[in-house]
Amino acid sequence: MAAPAPEDTYGKVLSAAVDLFGEHGFAGTSLQAIADRVGVTKAALYYHFRTKDELLDALMRPALNDLERVLDDAERRKGDAARQRVLFEGYVDFLLRYRALAVILHHDVSVGTHPAVRPRLGSITARVDGVLQDPARPVEYRVAATVALGGFYSAIATFPHLPDPELRAVLLDIVRRLLTPRRTRSTAPAPSVRAVPAHG
């Protein structure tokens, strides 16, 4: 069988790396293992990536670019509600578009803390906080927003076989119910810490 063309090899290497990072972790995956999975020599892999760090950067850069575009869109909107809606919807779509990478980030701490990834993730996290953590908002809202955003990764990782449209609808419905202010509030102390469902 003929060796893949260089342009084919590039995409196949990235795909194999995602699979192997998911199976064995970033630290537990060697360039040789990736070359073996693709069916090329290590020299052919070196044509595209000299190190795993370069490969990880090539994997994460497009995803982080997309996430920054979501934030750009959110930050351009007028009003907190519009900004936060665009952020949540865009973030859910981002995670579904990059499901495999999202699962790797969720399970493998070494990826999120890697020097090729961590600075941009830190900047993105600060921008997300800027959209969500408005001091004028009630603390209940800010906590709920944080819980919702953080729980997305877990949901993506826990339900890998749930179709994208179904999982998207469920996630956005949960966000809506978490973040929609209740129309009425009782002045009596809450009977327990269990969340009381919102009523229309």
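Which helix holds both Tyr91 and Phe94, and how many residues apart are they? Both residues lie in helix H5, which covers residues 80–97, and they are three residues apart, about one turn of the helix. The model examined here is predicted.

A search of the whole structure finds seven aromatic pairs. One of them joins Tyr91 and Phe94, whose ring centres are 6.1 Å apart with 20° between the planes. This pair counts as stacked because its planes are under 30 degrees apart. Both Tyr91 and Phe94 are buried.

Tyr91 also pairs with Phe152. Here the centres are 5.9 Å apart and the planes are at 40°, an arrangement described as tilted. Tyr91 belongs to helix H5 and Phe152 to helix H9, which runs over residues 139–158, so this pair ties together parts that are 61 residues apart in sequence. Tyr91 has a relative accessibility of 9%, so it counts as buried. Phe152 is buried as well, with a relative accessible area of 2%.

Tyr91, Phe94 and Phe152 are among the members of one aromatic cluster, which also includes Phe88, Tyr98 and Tyr153.

Arg50 lies over the face of Tyr46, at 4.6 Å from the ring centre. Lys52 is placed over the face of Phe26, and its distance from the ring centre is 4.4 Å.

Note on methods: Residues numbered from 1 in each chain as written. Predicted model: local features only at pLDDT ≥ 70, side-chain atom pairs only at ≥ 80, totals over all residues. Heavy atoms only, no water. Phe/Tyr/Trp six-rings, centres within 6.5 Å; stacked < 30°, edge-to-face > 60°. Helix = DSSP H or I, 4+ residues; strand = E, 2+ residues; numbered from the N terminus. Buried < 20%, exposed > 50% of the residue type's maximum accessible area, 1.4 Å probe, protein only. Lys NZ or Arg CZ within 6 Å of the ring centre and 35° of its normal.
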